[in-house]
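Hello,

Here is the structure I promised to hand over. Please open it first, then read my notes below.

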Amino acid sequence: MGILSQTEMFKFVLEIMSGYPKFSRRQAKSAVCEKLNLSDEEQNQKTSSEIPIYESRTGWAVSWLCDAGYIDRVSRGTYVITEKGKHILRENLSVNEFARKLQIERNNQMQREEGHASEQESLISDISPTERLDSIVNEMQNQLSHEIMNAIMSIEGREGDTFFEKIVTDLLEKMGYGKGTVTAASNDRGIDGIIKTDPLGFNPILIQAKRYARGHSVNRPEIQSFAGALGAVTRGAFITTSYFSRGAIEFAQNYPHSDIVLIDGERLTELMIQYNLGVSVEREIFIKRIDNDYFEL
């Protein structure tokens with residue numbers, strides 16, 4: 001049947017709960033998984049906080065159903081369906097009609113508890129609030145990646161290439177591989193940077209950095225040339241602002257004499273964000289959730 005949308009999950013969870021004299025969140029999640037006959041792959045689809053998506057949507061459904069008075073918490077971690085919950089199921093509403101009525105009941109109940117009206121989000125959605133937050137974070141991450149790449153490409157000529165060589169050596173330093181040095185342009189033999197991974201430089205990482213337009217493909221001959229420039233060195237990183245052809249990737253994966261890592265433009269900006277290179281923290285937000293294990297038996 002597959003994972004239900006968040007809107008579909010509200011009515012589905014209440015229908016499941018109506019068949020039990022009492023239940024816990026854990027039992028509800030287990031029953032949802034069983035009733036939907038979720039595959040291993042579907043069970044392993046997770047939010048950014050590593051919570052299975054079906055569990056996240058079930059958990060939010062339980063919370064909102066409780067807020068609306070359709071279920072009631074009668075003891076630690078234990079819920080029962082209320083007469084109001086049984087009544088709305090007998091109305092046999094559509095999924096969206098159910099969600100709209102749930103929204104009204106939840107808003108009214110929270111207003112009675114808090115003593116004033118408060119703005120409430122719409123419950124008609126394909127995804128849970130956790131997933132919506134993930135989507136917003138991804139959107140902001142993609143925009144930041146775009147801005148980083150524009151900044152890298154904005155400097156013209158050799159100055160821009162030299163700056164890019166510094167970026168990639170700085171990145172590997174940030175990642176903890178060792179001390180980075182940009183090689184002299186007149187004597188680099190195709191090598192743009194060196195990472196000394198130990199004090200005596202016995203086991204270096206050699207870098208080639210190519211600042212290409214994003215539509216430019218790095219092909220197999222360029223990776224072959226880089227492999228030749230490595231000589232007896234066993235580790236190399238080819239980093240570009242563009243992308244690698246299938247032939248280039250296959251050559252790097254199968255090259256027997258050295259480990260060659262390919263980093264394209266998309267992966268480059270991801271790593272720069274992850275290791276705080278060329279970016280700064282604007283605001284730090286901690287998202288917390290209830291620890292149900294603490295409140296349940």
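Are helix 1 and helix 5 roughly parallel or roughly perpendicular to each other? They are roughly perpendicular (a class that covers angles of 65 to 115 degrees). Helix 1 (residues 6-17) and helix 5 (residues 83-90) pack at about 115°, and their axes are 11 Å apart. Helices here are DSSP runs of H or I with at least four residues, numbered from the N terminus. Axes are lines fitted to C-alpha atoms over the stretch in contact, and angles run from 0 to 180 degrees between N-to-C directions.

Two notes on the source. This is a predicted model, where local features need pLDDT of at least 70, side-chain atom pairs count only at pLDDT 80 or more, and totals for chains, interfaces and linings use all residues. Residues are numbered from 1 along each chain as its sequence is written, and side-chain values use heavy atoms, without hydrogens and water.

Next, salt bridges (a side-chain nitrogen of Lys or Arg within 4 Å of a carboxyl oxygen of Asp or Glu). The structure holds 11. One of them joins K84 and E105, with the closest N and O atoms 3.2 Å apart. K84 lies in helix 5 and E105 in helix 6 (residues 95-114), so the pair ties together parts 21 residues apart in sequence. E83 also pairs with K86, at 3.6 Å between the closest N and O atoms. E83 and K86 are 3 residues apart in helix 5, so about one helical turn separates them. E83 is exposed at 55% relative accessibility, while K86 is partly exposed at 34%. Buried means under 20% relative accessible area, exposed over 50%, and partly exposed in between (1.4 Å probe, protein chains only).

Best wishes

Definitions and conventions
Helices (H or I, at least four residues) and strands (E, at least two) are DSSP runs, numbered from the N terminus. Angles under 35 degrees count as roughly parallel, over 145 as roughly antiparallel, 65 to 115 as roughly perpendicular and the rest as oblique.
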